[in-house]
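Subject: Handover of a structure

Dear colleague,

Please find the structure below, followed by a summary of what was found in it.

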Amino acid sequence: IRILERFLTVPPLFAFSPIVIRRMSKYLDAHRSSPPPSCPYEAAKRLKAAGYIHLKERDAWDVKPGGRYYFTRNQSTIVAFAVGAKYEPGNGFYIVGAHTD
């Protein structure tokens, strides 16, 4: 979006030059074929490759000490977590969250 905003604010004679059009086409083609790293789909692929286990949010979970897991919601959210190796059921735990746009 920042690139498009910049594209739309340049003088019209420059904005529609063949060079700018080629560069914009190349940029858009590259980004259509690979989702941004913040995309839950891409994050899920990377987590799975790193050994994380996919859980279904609505299922009962059988998490084990030392396990690494993730789940998604509505194709727009991903939650990943690791269970400490010394964790015992009934003990407390910490959650850290982040949000990006």
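Is Arg 58 buried or exposed? Arg 58 is exposed, because its relative accessible area is 86%; here buried means under 20% relative accessible area, exposed over 50%, and partly exposed in between, for a 1.4 Å probe and protein chains only.

The model is predicted: local features need pLDDT of at least 70, side-chain atom pairs count only at pLDDT 80 or more, and totals for chains, interfaces and linings use all residues. Residues are numbered from 1 along each chain as its sequence is written, and side-chain values use heavy atoms, with hydrogens and water left out.

Arg 58 sits in the loop between strand E1 (53–54) and strand E2 (68–73). Helices (H or I, at least four residues) and strands (E, at least two) are DSSP runs, numbered from the N terminus.

Turning to charged pairs, the structure holds four salt bridges (a side-chain nitrogen of Lys or Arg within 4 Å of a carboxyl oxygen of Asp or Glu). One of them joins Arg 73 to Glu 57, with 2.3 Å between the closest N and O atoms. Arg 73 lies in strand E2 and Glu 57 in the loop between E1 and E2, so this pair ties together parts that are 16 residues apart in sequence. Arg 73 is partly exposed at 44% relative accessible area, and Glu 57 is partly exposed at 32%.

Another salt bridge links the side chains of Glu 42 and Arg 46 (3.1 Å, N to O). Both residues belong to helix H4 (residues 40–49) and lie four residues apart, about one turn of the helix. Glu 42 is buried, with a relative accessible area of 12%.

Asp 62 and Lys 64 also meet through their side chains in a salt bridge (2.8 Å, N to O). Asp 62 counts as exposed at 56% relative accessibility, whereas Lys 64 is partly exposed at 43%. Salt bridges that share partners join Glu 42, Lys 45 and Arg 46 into one network.

Finally, the pocket lining deserves a note. The lining of the largest pocket has 13 nonpolar, one polar and no charged residues (Ala, Val, Leu, Ile, Met, Phe, Trp, Tyr, Cys and Pro count as nonpolar, Asp, Glu, Lys and Arg as charged, and the others, Gly among them, as polar).

Yours sincerely
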